[in-house]
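Trainee: I keep hearing the words pocket, cavity and core. Can we go through them on a real example?

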Amino acid sequence: MLDLIGAMVLTAAIVVNLNATITMMPLSPVAKLTTVAVAGSWIGLAIALATTGIYNSTATPVPVVGVMAGLPVVAAGVAALLFGKVRETLLALPLTLLVGLNAMRFFGGFFLLLALQNRLSGPFPQSAGWGDVIVGLTAIPLTLAIARRGHRGALLAWNLFGTLDLITAVTLGIMSAPGSPLQVFGGTIGSEAVWSLPWSNIPTLLVPFYLITHGVIFAKLARASRVAVV
């Protein structure tokens, strides 16, 4: 039952994030359609790989989930550095949207439920679960504060915490993978549940999306600081 609920919630989160973000991008209809196609292809690839069981494989020297979590972030960062149009498109996204979408990280509480079912163990579910719940709950009042323009210090602290929460979760997840040469925590259970559908959609799809939102927020804050100094 938890898997069914998780599948519905995570699918809804992916759809809302993708739709809201692309809708707010100042792009032509053709560019938006291209962006949807690229994002859809990545989503299809992540799900297809999950069905093969490769995320559970200990034969690969580098955890595939780690690659799937990091590659979109690196690609977005490189594209923003090399192409002004990409950079300006990302920086045009409203802060209220970037922060508000993180409210759905409240559903990171699923990690805690999976731990109660003995499907996750070690420090991973506690760190990832409580960290996401805190980020998700605080995103709501912070979005309201941004609308009132009294947000800079709180936004910077929240964004740093949210970024570290995701990086820590991915790191602990990889270090808790049963049978992996990198496993340090979690014994025979560890982070096993996260390497299969629907939960694999969290590290392979939602984590990189939210890391990108945090990166854009940092960039927007940096630009605002430069403008203020000038």
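Predicted model: local features only at pLDDT ≥ 70, side-chain atom pairs only at ≥ 80, totals over all residues.

Trainee: What about the largest pocket, and which residues are closest to its centre?

Mentor: The largest pocket has a volume of about 1,000 Å³. It is lined by 32 residues, and those closest to the centre are Thr 35, Val 38, Ala 39, Ala 76 and Ile 212. Here α1, α2, α3, α4 and α9 each give two or more residues to the lining. By kind, the lining splits into 24 nonpolar, 7 polar and 1 charged.

Trainee: Why is the other kind of space called a cavity?

Mentor: Because a 1.4 Å probe fits there but cannot get out, it is a cavity, whereas a pocket is open. Searching the whole structure turns up 1 cavity of 30 Å³ or more, and the largest cavity holds about 260 Å³. Among its 24 lining residues, Phe 111, Asp 132, Ile 202, Pro 203 and Val 207 lie nearest the centre. The elements α1, α7, α8 and α9 each supply two or more lining residues.

Trainee: How many residues of the cavity lining are nonpolar, and how many are charged?

Mentor: There are 20 nonpolar and 2 charged, along with 2 polar.

Trainee: And what makes a group of residues a nonpolar core?

Mentor: The members are buried residues such as Leu or Ile, joined through side-chain atoms within 4.5 Å, so a linked set of them is called a core. The largest one here has 53 residues, and Tyr 55, Val 99, Phe 124, Leu 155, Trp 158 and Ile 217 touch the most other members. The helix α9 gives the most to this core, 10 residues.

Trainee: Which residues does Leu 155 touch, leaving out those up to four places away in sequence?

Mentor: Leu 155 touches Leu 95, Val 99, Leu 142, Ile 146, Ile 217 and Leu 221.

Note on methods:
Residues numbered from 1 in each chain as written. Heavy atoms only, no water. Buried < 20%, exposed > 50% of the residue type's maximum accessible area, 1.4 Å probe, protein only. Helix = DSSP H or I, 4+ residues; strand = E, 2+ residues; numbered from the N terminus. Contact = heavy atoms within 4.5 Å. 1 Å grid on protein atoms, 1.4 Å probe; cavity = no way out; pocket = protein on both sides within 12 Å on 5 of 7 lines; lining within 4 Å. Points joined across faces, edges and corners; volume = space filled by probe spheres on them. Nonpolar A, V, L, I, M, F, W, Y, C, P; charged D, E, K, R; others polar.
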